[in-house]
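Biologist: I'd like to learn how you back up the words you use for a model. Can we go through it together?

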Amino acid sequence: MSIERREIEKLATLSRIAINEETISEVSQRLGSVLELVDQLQAVNTDGVEAMSHPMQATQRLREDEVTELNRREALQAIAPETEDGLFLVPKVIE
Amino acid sequence: MSWDTVIGLEIHVQLATKTKIFSGASTAYGAEPNTQACAIDLAMPGTLPVLNKQAVNYAIMFGLAIDAEIGQVSAFERKNYFYPDLPKGYQTTQLEKPIVGRGNVEIQLADGSTKNVRIHHAHLEEDAGKSLHEGNFNSSFSGIDLNRAGTPLIEIVSEPDMTSAEEAIAFAKKIHSIVTSIGICDGEMSQGSMRFDVNVSVKPSGSETLGTRTETKNLNSFKFMEEAIKREVARQIDVIEDGGTIAQETRLYNGETKVARSMRSKEEANDYRYFPCPDLLPVVVSDEQVEELRRKLPELPDARQARFVKQYELSEYDAGILSSDAAMANYFEAVTSACNNAKLAANWTMGELSARLNNEDLSIANSPVSAEQLAGLIVRIADNSISGKMAKEVFEAIWAGEGSADQIIDARGLKQVSDSGALEQMVADVLAANQAMVDDYINTDEAKRKKKLGGFMGQIMKASKGQANPQQVNQILAKKLNELL
Amino acid sequence: MHNLTIAELVKGLQSKEFTSVELTQHFLDRIASLDPAYNAVITVTAERALQAAAAADQRLAAGNAPDLCGVPILHKDIFCTDGVRTSCGSKMLDNFIPPYNATVVENFEQAGAVVLGKTNMDEFAMGSSNETSFYGPVKNPWATDSVPGGSSGGSAAAVAARLAPGATATDTGGSIRQPAALCGVSGIKPTYGRVSRWGMIAFASSLDQGGPMARTAEDCALLLNCMASYDDKDSTCIDREVPDYTATLSSSVKGLRIGVPKEYFSEGLHPGTEEAVRAALADLEAQGAELVEISLPNSALSVPAYYVIAPAEASANLSRFDGSRYGYRCENPKDLEDMYCRSRAEGFGEEVQRRILIGTYCLSAGYYDAYYGKSQQVRQLIQQDFVSAFENVDLIMGPTCPSPAFKFGSKGDDPVAMYLEDIYTIATNLAGLPGMSVPCGMVEGKPVGLQIIGNYFDEARILNVAHQYQQASDWHTKAPEGIA
């Protein structure tokens with residue numbers, strides 16, 4: 001099983017990973033082999049089985065609405081690729 | 001051919017919590033960039049969300065206010081897309097199990113009738129940060145400020161129950177009125193506290209089948225929203241009448257340039273891959289929690305309107321306007337309780353004050369004239385210390401920060417003369433000094449004499465430098481002239 | 001000193017037989033001289049370690065110091081360490097120095113433990129052989145041509161080579177137990193929610209769980225006492241008292257009912273591994289435990305379900321690595337999209353990219369129900385298997401992995417061959433149950449692991465049985481050649 005090229009390109013776009021031309025067939029083949037593995041699930045009868053998102057049957061804890069995080073901009077931006085005047089800089093966003 | 005318009009709204013309401021929905025960073029407006037963006041808001045590796053209790057309570061309060069079903073178990077999902085103002089690369093939101101289910105909102109229309117708009121659901125989610133395209137940086141960059149990232153929102157989704165821009169605006173204003181009345185949102189539109197996405201379609205009048213809809217996103221004022229709807233309706237009708245078809249698409253409307261455009265290219269690539277957020281557990285709301293919030297729920301706009309009519313003997317119309325905005329209603333009640341004159345308090349709050357605030361684009365919360373100051377002015381109007389004309393001058397002086405009404409009246413010597421002895425003398429002096437006018441009055445037919453009174457009034461007011469109480473002067477003048485007949 | 005267990009080191013430190021500074025220097029020297037052969041440690045924090053050791057010695061001198069005060073350990077490089085590079089085995093985070101500590105790191109710091117450095121691992125914990133690390137593979141101290149297992153291969157190899165007496169690790173589908181088995185050490189993955197995930201870089205949030213590795217079960221108990229805590233910064237952390245795991249170690253196993261799932265002894269299991277595991281079970285039977293054959297009928301589905309759920313969660317968890325705020329940004333991006341696509345293509349290795357793509361596929365429109373939805377239902381079935389089994393037995397035991405450590409590159413180009421390495425360990429992550437691996441034999445000169453799976457929050461019983469097994473066996477005392 002292999003995934004169509006068009007599909008790989010869509011996945012690459014959605015996940016923002018550049019895939020180069022030379023590796024596309026290899027990627028397709030390897031993804032295909034993983035999908036073949038997970039396709040075993042299709043044979044299972046799961047009628048009426050509830051989906052399980054969390055291993056534990058716990059409920060969400062709620063936090064009091066109190067400020068606990070103070071300004072640490074300097075420390076947090078010390079490891080940023082590019083900043084200016086407290087802003088994170090990225091290549092221009094075109095809306 | 002005539003057309004029906006179908007409109008549905010999605011309204012993003014920023015909740016007035018002190019901290020973010022999933023972190024303990026402040027949500028205060030206007031801070032320096034990224035000083036209120038903690039490691040969680042920046043999506044630093046290994047950081048995790050914990051849900052803010054107040055955000056949950058506020059969402060439930062909204063549900064109670066629109067008589068909606070409250071989801072006993074609600075859950076968070078991740079909506080995946082890349083954008084620089086979305087640090088995690090996904091927005092944590094609710095899809096399958098929103099906290100607020102179906103509800104209803106009644107709107108009042110200009111003709112006095114009412115209409116019910118159904119709410120499909122309302123869900124909790126986090127706001128994104130902001131991308132700045134201009135600043136002290138190279139123009140090939142954008143600057144990212146994540147202070148707003150993680151601010152709690154509820155997104156209120158209506159059914160497509162509105163048929164005109166006017167109805168949509170009435171609905172949007174009603175939601176504004178509800179969320180400010182129950183105190184879950186500050187209602188500051190200019191700060192982005194409420195933003196609207198508008199779904200619009202048209203269909204031939206009477207047709208059962210809905211047309212293809214477009215969504216115009218991120219409108220941040222009632223005015224822009226009204227313009228955007230009207231233009232979009234006109235555009236759709238034009239396209240269809242020219243034989244075209246409407247594409248289902250997302251559009252942007254620029255309120256400054258009045259130009260709308262399609263964001264189609266962006267939409268095509270979207271596949272948000274929603275799935276349950278594994279970092280957050282199901283949110284369980286107990287009956288006790290709901291009942292406690294119900295007990296504490298502040299007065300809703302409709303109830304407040306009814307109370308204003310009953311308690312203050314206001315007209316339905318005045319009561320409706322005052323109660324539509326929680327801040328205005330609170331202001332009005334504060335003025336009334338301080339001056340004990342609901343009628344004047346209502347007139348001044350809705351009239352002079354509102355007009356002045358509108359001109360200056362100020363919210364009532366930021367009014368330069370406090371409720372106490374306005375009450376002080378009204379007390380002096382009611383006891384005839386100043387005339388209506390003087391009152392406007394005093395109001396302007398209060399607005400300009402010159403002090404209380406009494407201070408300004410004293411400082412400017414504006415006190416109205418209402419001492420009847422002094423006024424009688426003043427009238428007698430003016431009559432004595434203007435014998436010709438008096439003779440003319442006496443010789444005029446009775447039916448036309450009334451017209452001549454104005455001349456005397458003018459002289460008297462001039463002599464008193466405008467400080468004579470006009471009603472009293474009128475009475476004294478009429479009496480004295482009668483004696484001369 | 002490096003052959004002493006943590007329990008023995010605690011005694012030695014408390015009775016001032018040696019100081020923490022001496023101990024720390026000893027292990028730092030061992031890392032410096034031996035690790036070039038194993039590549040188990042990515043970052044050594046010698047200066048900080050010696051400072052912490054000196055502080056620990058003061059606390060020890062003052063008396064009443066906690067158990068682990070002055071004990072040197074290593075942290076898997078997935079736990080954020082304030083001021084110390086935390087790479088997660090990835091080029092993406094090669095330059096990442098977090099300004100905060102993981103709760104686990106904080107807990108050990110409070111206890112006065114001394115951190116020697118950060119251990120190598122599969123990139124973002126995605127791998128079963130440590131071959132996906134940006135820093136190169138870790139070599140198995142028992143056979144340097146073989147893998148140490150993964151993803152916590154660095155921690156396992158470091159403990160096996162006596163570079164540290166204990167180390168932290170994480171387990172998403174077997175990443176503590178499988179490398180522990182392959183390197184001949186003990187390691188426990190606690191119940192999901194027992195150890196805080198705050199500051200532990202996420203792979204698959206609903207499966208990830210931190211846990212300790214050491215040479216003995218008793219040492220694991222000592223480490224878990226410190227590592228486990230309730231943490232209100234992690235919504236999925238369970239608010240439940242942490243027992244003293246050392247208190248019940250000496251309980252007898254008499255009458256204990258041990259479930260032996262027939263599915264764990266089927267096709268694909270190395271005969272030598274089976275023999276060693278069966279012998280271990282027989283030892284426990286001889287101590288008075290009762291062996292009960294059980295069935296976990298949906299076991300075979302755990303690998304396919306896992307390879308949907310884990311990549312799906314990972315695809316979202318790893319979106320934050322976009323070159324904007326920290327970590328790797330490609331050179332001269334020509335626009336925003338280029339920055340995203342190249343930073344991620346250059347910063348993530350092949351296996352990580354593969355899993356992001358698979359996860360994206362399984363969540364995308366038109367495939368969600370068939371893959372993600374289905375997997376979550378299968379996950380429920382797998383959990384039900386365990387719930388039913390634990391109605392009749394106290395613990396479940398079997399092999400940790402199908403065969404001993406394999407040679408580098410031997411799984412070839414097929415990612416699925418590698419995924420099947422975790423066939424016996426994955427189900428417990430899907431169910432959220434605690435599981436442990438302890439050494440139980442040798443095949444072809446390489447260690448074999450016995451897996452012990454317990455009911456929810458039954459870590460104390462797992463550690464008790466493991467300890468009792470180790471009292472009657474000596475596999476855990478064996479050292480690779482040239483180490484002891």
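**Two helices in chain C**

Modeller: Let's start where C:Val308, C:Pro311, C:Ala312, C:Ala314 and C:Ser315 of H9(C) meet C:Arg355, C:Ile356, C:Ile358, C:Gly359, C:Thr360, C:Cys362 and C:Leu363 of H11(C). "Meet" here is contact: C-beta atoms, placed from the backbone, within 7 Å. By the way, this is a predicted model, where local features need pLDDT of at least 70 and side-chain atom pairs count only at pLDDT 80 or more, while totals for chains, interfaces and linings use all residues. Residues are numbered from 1 along each chain as its sequence is written, and chains are lettered from A in the order in which they are written.

Biologist: What makes H9(C) and H11(C) roughly perpendicular?

Modeller: Their axes cross at roughly 100°. Angles of 65 to 115 degrees count as roughly perpendicular, so H9(C) is roughly perpendicular to H11(C).

Biologist: What does chain A touch in chain C, and how many residues take part?

Modeller: 39 residues of chain A are in contact with 57 residues of chain C. H2(A) gives the most to that side of chain A, with 6 residues.

Note on methods: Helices (H or I, at least four residues) and strands (E, at least two) are DSSP runs, numbered from the N terminus. Axes are lines fitted to C-alpha atoms, for helices over the stretch in contact, and angles run from 0 to 180 degrees between N-to-C directions. Angles under 35 degrees count as roughly parallel, over 145 as roughly antiparallel, 65 to 115 as roughly perpendicular and the rest as oblique.
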